[in-house]
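Subject: Structure for you to look at

Hi,

Here is the structure I promised. Please open it first, then read my notes below.

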Amino acid sequence: MHLFKRKRKEKSFCEKVLEDESAYEIRTKEESLHFLIAFFGDLRPPKKEQHLADARMNEMILFLEAHPTLVSRLQQSILVQLINTRLEGAFTESGIPLSSGFWDELIGKLKHKLLPKEQNKDDFVYVLDRVFHKKNDHIWVEAIRRATWISFFELLQFTLQAKDPRLTEHLIDALTVLSFQVANNGLEKEISGYIAPFRSIPENPFLLQSRLLHELQQHEKPDPYKIREVVNQLKQTLFEIENEIRYIRLHQDQRGTSIRQSYLLLILSARIERMHILLDTIDNDDHFDIGRFVDLFKLLVRNENLKNSIRQFISQGVGYIAYQIAEHKGQRGGKYITSTRRDYLNMLASAMWGGLIICFVAVVKNILGKLHYAYFWQGFWYSINYSAGFVLIDQTGSTLATKQPAFTANAVAVSLDSKKHLDQPDLQSLAFTVAKVIRSQTASFVGNLIVVFPGTYLLAWAYHQLMGQKLVSGKAAFTLLQDQHPFQSLSLLYACNTGVFLFLSGIIAGYVQNKMRFSNIGSRLAHHPGWHSSTSAKKRGWWAGFIERNAGSYAGNISLGFFLGMAANVGKIFGVPFDIRHITISSGNMAIGVYGLGIGNIPTGYLVTVFLGVLGIGFFNFLVSFSLAFFVAVKSRGIQLRRYPELIRIIVRHFFKKPLSFIIPPRGA
């Protein structure tokens, strides 16, 4: 047991127990608790060696196998705690929110963060808190493999301890509380209004499980066969409830979700899982799923360590909302990924139309700049101009290159989605998807730029001919060029700001579209009593459908317009260097500046540097937007990228093997 050797030749707790058993009595609850604290303290690895936790546990198992008396004392200490403490709290409260809603629970956690709750020493949760008292204990507990924990509990003959009749009363009390809670959750309108219209049993499973449990409790002299029969019915009913939860989540793509519904589904799943464990314990058969118990044990340790963690609670509770937002964006992301050469050419053409619209947006923005409004109103009219352009691009089916990353990032994350793949994702296929995303993004950037620069230049010339003066000239024209210069301005930093705004607008679009579906806004508008007297049913239906389909994209485009339009003026109002740079608008501004100064009056080197600055702006627009969207998509789907260390290697190998596939689709694709 080299892992347990002490630097100062100090003996381990286990060795001390073997040397003098009388010094470590476990006759009382307090004595057994101290024994457990010391035992797991021996097992706890130093902070820098937490990755060795599994090896330490395996060595401990070998040590216990060689010393049966130590196993017996450990068994006795655990049994004393199980019998003499209340188990209900561990099963019904630990890690499961109990308040009536997400916000109530969040406020409660904030209070307990400042002043922790007093614990009842007769509660088993108190035992967990004392044994695993360090805040990072869950890290090494989870680092020990599931199979290793199963071996440990099997060595302790935990399955026999779980059958001890003295535990039955505690377990049935916990089961009763969970049953009432599940029935109450199932009657909430966010659940009852969204369950499957057809099911394999006629009775509502949320109510049926409560009735079956009541039937189980009616037997004063339990008949083992009758108990087994009722427990099997209960298990089947719980499976039906799990099917209802899956049905609701499966249809959230079409019907949307809310924080409250996600919150209820989260705690329902946790309660059902714990009911399964309790039923496994009291069903009088010879099978006990110790693996499921291990999962619960690790979860309880984690929950108690993080019970007042605000970050953990928000991450858990909002996870499904983020998933639905990402899912909406992922579905739209498919249209931005090209597979064939025809798709590629269509993307190029679509981006060229988008570039044409941006030409007018850039010119109008510079015209508005000549009007001397107060900072706020100038920013407001800039925002209206941008929003109108983005909405027009969306409604005409055109493409704006910088809108793609927020959507394609989610489409890529779908390939790694553990909720959509029963097996490990095909990383080779994912490499092909990444190549498609990069070449599609390249096509849209090229399509935008090959139209925006000459188109805006032509519009600046037309303005000159029509109005008799240049749109900008002299110092103002030079400032337009200097603002895009990578070294003479903060353009690349401002491009990162734009990437953040592009990401946020995508989040807003996904949230609004999700809200429209979940709240059934389209149907409610179609049947709005105020429309009945003035509008025909056909027109009401058309408008309702239009709003439901397009509300998300309108919200995203308008919010992006206001983000970009107000940014510079907010910086001026507060006197801070804050602004945005957007590749297509920067390209238009460059064209206007070049026309204003005259292309022959600009040094070639300076012009090339400014053009490279515009490309750099596009790169950072893409990088920041894609990275943030991909991070949210991955986190909301519960994907752990560290499981796929070979992913980057496969993508790089694919690039060197077929570099052109990252620029244009291969023939026959």
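A salt bridge here means a side-chain nitrogen of Lys or Arg within 4 Å of a carboxyl oxygen of Asp or Glu. Keep in mind that this is a predicted model. By that rule, the count comes to six salt bridges.

One of them joins Arg-44 and Asp-137, with the closest N and O atoms 2.7 Å apart. Arg-44 sits in the loop between α2 (29-43) and α3 (53-66), while Asp-137 belongs to helix α8 (residues 137-143), so this pair ties together parts that are 93 residues apart in sequence.

Next, a helix pair. Helix α24 (residues 491-518) and helix α27 (residues 537-574) have axes that come within 8 Å. The two axes cross at roughly 155°. Angles over 145 degrees count as roughly antiparallel, and α24 and α27 are therefore roughly antiparallel to each other. Their crossing is right-handed. The residues of this contact divide into 14 nonpolar, seven polar and two charged.

Along with α20 (375-395), α27 supplies at least two residues of a nonpolar patch. The patch covers about 1,100 Å². Its residues include Leu-371, Tyr-373, Trp-377, Trp-381, Val-570, Ile-573 and Phe-578. Which helix gives the most to the nonpolar patch? That is α20, with five residues. Phe-376, one of the patch residues, lies in helix α20.

Best wishes

Terms used:
Residues numbered from 1 in each chain as written. Predicted model: local features only at pLDDT ≥ 70, side-chain atom pairs only at ≥ 80, totals over all residues. Heavy atoms only, no water. Axes fitted to C-alpha atoms, helices over the stretch in contact; angles between N-to-C directions. Helix = DSSP H or I, 4+ residues; strand = E, 2+ residues; numbered from the N terminus. Parallel < 35°, antiparallel > 145°, perpendicular 65-115°, else oblique. Left-handed = near helix turned anticlockwise from the far one by under 90°. Nonpolar A, V, L, I, M, F, W, Y, C, P; charged D, E, K, R; others polar. Patch = residues over 30% accessible without salt bridge, like charges linked within 9 Å, V, L, I, M, F, W, Y side chains within 5 Å. Areas by Shrake-Rupley, 256 points an atom, 1.4 Å probe, with all protein chains shown as cover.
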